Amino acid sequence: MVKFTDIKGFIFDLDGVVTDTSRYHAKAWGQLADKLGVDYPGLGDAVKGISRMDALEMILKKGGLENNYSEAEKEALAAEKNANYVNLIQNMSAKDILPGMADFLAELKDKGYGISLASASKNAPTILEKIGLSDYFTKAVDPATLKYGKPDPEIFIKGAQLLDLMPAQCIGLEDAAAGIAGINAAGETSVGIGDPELLHDATINFTDTSQVSLANIEKAMQ
Ligand code: G6P
Ligand code: MG
């Protein structure tokens, strides 16, 4: 394993790591799946980290509907989900930052670590603004520039490039199995936050964000 002292930067997923928006994504996709008549147990976990259009394709496939809609109709369905989602995040504020994450970001900044954002969400800038953390994430990968979604490593490789660091100098933090796969494939150290069974491929596991600190990461890397 990479040594803790080699680590110079941290690459963050947003939804489910910095703030608990995963439940809103799950709810908005659930509303759309219901409308389409698709029964999808575990939908909330399945769409974690997955881009908007890829998530829609997953749902259509689950219902055997993948050939039933034109590209324009799919765009409309995705836009409908997003409108539902945007509605749900309307009243977000600093109270929606997950436990310990504001302190962790402050600690990283204080100690001079690089910080970048690797979120697939086109709503990330709005959310960061609402929860008051935009200033930490001046370096953010623009998901519109990506060729591939998670589990592809592209977003995490770009996240390291934004920090002028090699992947091996970076730690990526994720709540999604697809994200952990992307971090590992990028050659970075992965921190999985959430169910360790779901995130069994992570280098380091924490069950929730309150455990995330430099001291705990250093301990886990010894
Ligand atoms: C994150 C979430 C996914 C979501 C994706 C795209 O990765 O974990 O559930 O589908 O972002 O979000 P967007 O806001 O662009 O639809
Ligand atoms: Mg996430």
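The protein chain carries 21 positive and 32 negative side chains, and the centres of the two sets are 3 Å apart. In this count Lys and Arg are positive and Asp and Glu negative, while His and the chain ends are not counted; each charge is placed at NZ of Lys, CZ of Arg, CG of Asp or CD of Glu.

The model is a predicted one, in which local features need pLDDT of at least 70 and side-chain atom pairs count only at pLDDT 80 or more, whereas totals for chains, interfaces and linings use all residues. Residues are numbered from 1 along each chain as its sequence is written, chains are lettered from A and ligands numbered from 1 in the order in which they are written, and side-chain values use heavy atoms, with hydrogens and water left out.

**Overall fold**

Nine helices and five strands make up the elements of the protein chain; helices (H or I, at least four residues) and strands (E, at least two) are DSSP runs numbered from the N terminus. Their order from the N terminus is β-α-α-α-α-α-β-α-α-β-α-β-β-α. The radius of gyration is 17 Å, close to the 17 Å given by the globule rule for 222 residues, so the chain is as compact as a globular protein of that length. This radius is taken over C-alpha atoms, and the rule is 2.2 Å times the number of residues to the power 0.38. Along the principal axes, the C-alpha atoms fill a box of roughly 55 × 35 × 30 Å.

Among contacts (heavy atoms within 4.5 Å) between residues at least 6 apart in sequence, 63% join residues at least 24 apart.

**Burial and cores**

Of the 222 residues, 48% count as buried. Buried means under 20% relative accessible area, exposed over 50%, and partly exposed in between, with a 1.4 Å probe and protein chains only. In soluble globular proteins, nonpolar side chains tend to be buried together. The largest nonpolar core has 37 residues, of which F10, F12, F104, L173 and I217 touch the most other members. A second, separate core of 17 residues includes W29, I50, L77 and A78. Such a core is a set of buried Ala, Val, Leu, Ile, Met, Phe, Trp, Tyr and Cys residues joined through side-chain atoms within 4.5 Å.

**Helix α7 and its surroundings**

The buried residues of α7 (154-162) are E154, I155, F156, G159 and A160, and they pack against β1 (9-12), β2 (114-117), β3 and α8 (177-186). Two backbone features lie in the loops beside this helix. P151 is in the loop between α6 (124-131) and α7, and the peptide bond from K150 to P151 is cis, with omega near 15°. D164 is in the loop between α7 and β3 (170-174), and its phi is positive, near 55°. Most residues other than glycine have a negative phi, and most peptide bonds are trans.

| Residue | Relative accessible area | Class |
|---|---|---|
| L88 | 24% | partly exposed |
| D45 | 41% | partly exposed |
| D164 | 72% | exposed |

L88 belongs to helix α4 (residues 71-88). Leaving aside neighbours within four places in sequence, L88 is in contact with Y24, K27 and A28. D45 belongs to helix α2 (residues 43-46); D45 and N84 are 39 residues apart in sequence and 18 Å apart in space, C-alpha to C-alpha.
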